[in-house]
Amino acid sequence: MNVLTDNFSTYGEGFLGTVELTVYASLLALALGFLMASFRVAPVGSFRAIGTAWVTVLRNTPLTLLFFAVLLGLPRFGLVLPFKVFAVLALGCYTSAFICEALRSGINTVPKGQGEAARSLGMNFGQTLSNVVLPQAFRSVIPPVGSNLIALAKNSAIAGAFSVTELLGTYKTLNELGYSIIWTFVWIALGYLIITLAISAIFNILEKRWGVAR
Amino acid sequence: MTAATAHDSTALYDIPGPRTHRRHLIYGVVSTLLILGIVGWLVYLLFDTDQFTATKWTPFEYKGIQELLLRGLGNTLKAFAISAVLSLALGTILAVGRLSDHRPVRWIATLLVEFFRAMPVLVMIFFVFVALKVQPLPALVTGLTLYNGSVLAEVFRSGINAVERGQHEAAYALGMRKTQVMTHVLVPQAVRAMLPAIISQLVVALKDTSLGYLITYEEFLHAGKLIASNLDYDLPFIPVVLVISPIYIGMCMLLSWFATYVARRQKRNPKTEAVDVAPAEPGTLLPGGAPPAGPNS
């Protein structure tokens, strides 16, 4: 029990590390996912090919392999950045493939007639997109994006094993200090539960406010 | 969607006219050139940093190293096979628990499923490995089984629930007992429809076997790491990645494609028309909401 109270700063550091990693990687994943989703629904064939390749490859890449390649491989090209940045890159790119698919299927749920009606009212592409298609797509996209971000938060544990300051990584320090391993892990588990439940609570609020009434 | 876009209007784009067509063609050419440029630059970088020197690639000619890689691949597949079988079994047990008529059983099963789905797999693997002090393989298999078993339990449960209501009503009306209804009516229909979702979850299990690398299980990545850190061959890290990742990604792609193939075949099958199962649900217990559907890690 006193594992937490004695090492509050270690746990706090790890917890904040996980939160930081999750937030930055989520932003990257959302941005990249949006870009790739727009590629995948584009009318230009080569854009679609790029999007499809991105999604197919990254969705079938084990995240550990990606971490392995990014954290240990990129420095060989003279690209030396802090491990944290590499971890954000790997996590963000990996999750962006899943976000892309969620966004794409959200856009596909918008009936064709909606866009045709908007165009026949004389709306241009930007107006159709921002006033008609995206608002409708956004509603159906909230739950899958939320669960992908939860998966991202859980996957960030892998960064800890690659010596990025992070919640799971704290077990090593505490283990060396001789604390009870079971309790160490109980508090780590609790930390992850707090983060995942917080994300799902946020997305629940979003879903309640803007989600599709089913 | 993908093929139709070129000839059909979508919610986003109208059918392109001749001028737009020309514009799209230009975009296509420019972007293709850009991509080729990036690829070329990457290849140049590879050459520039001496990744294709003979010393870095010689290790792959040695029998010992080939065997090391094959053994690693074998260990990966072994961990995958064991955890796939065990998680199917655990998933069945948990699903039966969640569909039970007895409230305490249902509660316990729900609690277990939700807890294991909310925990990062790696935390479970490390817990088993560090706290229970077992060998890497059992630790990896336990972690993967607990996580994938719980997700599969949800797949099974939603599959059973997705079978049309008339089916079990009719079966009950014929005087079947609950076990009979399950085994003779619901499960056969549900399994066919669930097959794609089950296979996609197995892809997740296959991908996650690579977590064994982090607990020093001697799997594929571990073998690669051993070769990559060999000074005799001038630390052939990039060559190792270039060899390992196509094999790893290829295996996962094959399994994913199998899932889509099965799904496409199922769609034409009248036996499964009654049932439509969502892909494996990731994420965690949403307070007050139904867990959403979508792809997972």
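**Helices in two chains**

Guide: Over residues 181-206 of chain A the chain is 100% helix and 0% strand, and the end C-alpha atoms are 38 Å apart. Helices here are DSSP runs of H or I, at least four residues long, strands are runs of E, at least two long, and both are numbered from the N terminus. One caution: this is a predicted model, where local features need pLDDT of at least 70 and side-chain atom pairs count only at pLDDT 80 or more, while totals for chains, interfaces and linings use all residues. Residues are numbered from 1 along each chain as its sequence is written, and chains are lettered from A, and ligands numbered from 1, in the order in which they are written.

Visitor: Which feature does UniProt place at 181-206 of chain A?
Guide: The unreviewed UniProt entry places "transmembrane region" there, and also at residues 21-42 of chain A. UniProt positions are given in the numbering used here, feature names are shortened, and annotations may be inferred rather than shown by experiment.

Visitor: What share of chain A is buried?
Guide: Buried residues are 51% of the 214 in chain A. Buried means 20 or more other C-beta atoms within 10 Å of the residue's own, exposed means 12 or fewer, and partly exposed is in between, with C-beta atoms placed from the backbone.

Visitor: Ser120(A): buried or exposed?
Guide: Ser120(A) is exposed, because 10 other C-beta atoms lie within 10 Å. Ser120(A) sits in helix α6 of chain A. Ser105(A) is 15 residues from Ser120(A) in sequence, and their C-alpha atoms are 24 Å apart in space.

Visitor: How many residues of chain A are in contact with chain B?
Guide: 65 residues of chain A are in contact with 56 of chain B. Contact means that the C-beta atoms of two residues, placed from the backbone, lie within 7 Å.

Visitor: Which helix of chain A gives the most to that side?
Guide: α10(A), with 13 residues. The side of chain A that touches chain B has 38 nonpolar, 18 polar and nine charged residues. Nonpolar covers Ala, Val, Leu, Ile, Met, Phe, Trp, Tyr, Cys and Pro; charged covers Asp, Glu, Lys and Arg; the others, Gly among them, are polar.

Visitor: New topic. Why is α9(B) called largely enclosed?
Guide: Because seven of its nine residues are buried. Among them are Phe220(B), His222(B) and Ala223(B). The cover over the buried residues of α9(B) includes α4 of chain A, plus α3 (63-98) and α10 of chain B.

Visitor: Which residues of α9(B) meet α10(B)?
Guide: Phe220(B), Leu221(B), Gly224(B), Ile227(B) and Ala228(B). Facing them in α10(B) are Phe237(B), Val240(B), Ile244(B) and Tyr248(B). That contact has eight nonpolar residues, one polar and no charged.

Visitor: What about loops? Where is Lys133(B)?
Guide: Lys133(B) is in the loop between α5 (121-131) and α6 (136-162) of chain B. Lys133(B) has a phi near 50 degrees, a positive value in a residue other than glycine. Lys133(B) counts as exposed, because it has 9 C-beta neighbours inside 10 Å.

Visitor: And what is the phi of Thr216(B)?
Guide: About 55 degrees, positive although Thr216(B) is not a glycine. Thr216(B) lies in the loop between α8 (178-208) and α9 of chain B. Thr216(B) has 11 C-beta neighbours inside 10 Å, so Thr216(B) counts as exposed.
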